[in-house]
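Here are some comments to read alongside the model. Please keep the sequence open while you go through them.

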Amino acid sequence: MTAQEVRLCGLLLREHFGEVVEKVGTHLLRSGAQNLRTIIHETGLPLDLVKKSLCVLVQHGACNFRSGRKGPGCPTEYQASGDRILRILRYPRYIYTAKTLYGDTGELIIEELLQRGHMTMSSTVKTVADRLTQNMEGQGRSMDYSEVTSAFSKLVETQFLQRCPPMGGARNTKDSGSPPTPSTPATPGTPASTALLTPESFPDCYKVPHITLIGRGKRRHSSDDGEDQKSAKKAKMDPETHGDEGIYWQVNFERFHLHFRDQAVISAVANKLDQTCSEIVRTMLRMSEVTTSPSATCTKPLSANEIFRSLPASYNILRPILDQYLTLLVDDPMEFVGKAGESGGGMFVVNLHRALANLARATLESAVQERFGSRSARIFRLLLRKRHLEQKQVEDFAMIPAKEAKDMLYTLLSQNLVQLQEIPKTPDYAPSRTFYLYTVNQLPTARMLLQNCYKTVANLIERRLFETKESKRLLEKSQRIEAILASLQVSGAEPEQLTEVEEMITAPEKQQLESLRLHINKLDSAENQVDETMFLLEAYVSSTATSTA
């Protein structure tokens, strides 16, 4: 991993799990696979803290463990997964997508699994039902377990959730220095590998167990708050059996990424052409979800007749009109849709790799325009289209004065956005007998911009942590007052009492709090926007590596 990626991973671990987990995680990212004794020696942390940190990382899939490289009997080695840690940045997007597709119940299921790493189905259903019942307190209703179970089953059916892989050999490794494997429902035994699961490699990956869970969510009463720890200990000592013991579930990030990719393609088609074209592409992608491999460069061919039958009835598109739209999509220079044959009224595919390449290209052009201006973006776009041009040709094609074009080219060259290729006429590389051609290599440029995105997000997180630390006292005071107000409202206090408590925060403090919230919201929004760019660039780099393999 690059230094920027390690830095971002460290900040994400610190923000979500604390400084000790950050120290262990970043050490593993920099050093590679290591056994427990080496980690303790090189980090200088106590044995107990290192064990707990490794348990947290393994629980969330951010660390894998395996038998030692020297053979059986060697100490277990631990290796951090940087890609999995970076997914923490995308948690809000996963949760929002689940809410959009499956409502509040789907949102809370994904949120619980992301917060806990992995859970059993029965434990997830009970926790989500209790939370929903708590939110319905004012309406006097409660959430039935069967409704949450149905939403969970739908998420598994569409492969947004998947089973954790069965225990590997690392569990049986006898190593007195390795952290103990927990066995309680709250901290289940962890898998030996967090690699992408497929039904071919793990047949039960998407098989939902039958659970015996009947009833409704329970509302937590204020009198029970002090007994939370006792009830948690009791649950661990005397767990109920629901028929799914030992079967743990986790979020399938790859499935979410496929959904994000499809939405990006559909949105691009809508912006470039119109809403009807985007609906046709959406229908083609939906029909190809099951038959197309996640790493495929294009979808399986679909006939025009199949597309016509699968279109939503609300669009009411006639068959001749559909043929015209398909022809328009095939002829478009962006080449989102390609033609693969003539049978069945024509066979059509969605060019996934070409679509990602075009989206990445548009992202690069936008970045150059925002940073260096529209004229530099014109030169950059020209080099992307023409591939190789001399300086005089760039001036002529871009219609920019020679002096300005020269300055812009040298600026782009100094930032590694443009490359210079020398083609000599003679072996001595004499300047008078050498062609100097400017070009843009899209893949290396996309990788460079991706590293800049990692650096930007890390800076945003550091700024947010700094702002929060600076106003820590005021935030704690605000939280205490909000807790007092909530307890007074529950106990039915007089309005005068509530007003008196509210006035404990002065007007300048309220203004400072509001300013802080606005600033934090801007930083959060910027993080999400940069993450969208990161996703497109990561998808393009990954797709290019797959297509050239």
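1. Which elements do the buried residues of α4 pack against? They pack against α1 (3-17), α2, α3 (36-43), β2, β3 and α6 (91-116); contact means heavy atoms within 4.5 Å. The buried residues of α4 are Val50, Ser53, Leu54, Leu57, Val58 and Gln59. Buried means under 20% relative accessible area, exposed over 50%, and partly exposed in between, with a 1.4 Å probe and protein chains only.

2. This is a predicted model, in which local features need pLDDT of at least 70 and side-chain atom pairs count only at pLDDT 80 or more, while totals for chains, interfaces and linings use all residues. Residues are numbered from 1 along each chain as its sequence is written, and side-chain values use heavy atoms, with hydrogens and water left out.

3. The protein has 21 helices and eleven strands. Helices (H or I, at least four residues) and strands (E, at least two) are DSSP runs, numbered from the N terminus. Of the 549 residues in the protein, 44% are buried. Among contacts with a separation of 6 or more, 67% join residues 24 or more positions apart.

4. Helix α4 covers residues 47-59, 13 residues in total. From first C-alpha to last, α4 reaches 18 Å, close to the 18 Å expected at 1.5 Å a residue; the expected span is 1.5 Å times one less than the number of residues. Gly61 follows α4 and has a positive phi, near 75°.

5. Three strands form an open sheet in the order β1-β3-β2, with antiparallel pairing. Its edge strands are β1 (34-35) and β2 (63-66), each pairing on one side only. Two strands pair if DSSP finds at least two bridges between them. Between β2 and β3 (residues 77-80) there are four bridges, in the antiparallel sense, and Asn64 has Gln79 in β3 as its bridge partner.

6. Helix α2 (residues 19-31) lies across β1, β2 and β3 and runs at about 95° to β3. Axes are lines fitted to C-alpha atoms, for helices over the stretch in contact, and angles run from 0 to 180 degrees between N-to-C directions.

7. Most residues other than glycine have a negative phi. Arg387 is not a glycine, yet has a positive phi of about 75°. Arg387 is in the loop between α15 (374-386) and α16 (391-398), and counts as exposed because its relative accessibility is 57%.

8. Met399, also not a glycine, has a positive phi of about 55°. Met399 is in the loop between α16 and α17 (402-414). With 67% relative accessibility, Met399 counts as exposed.
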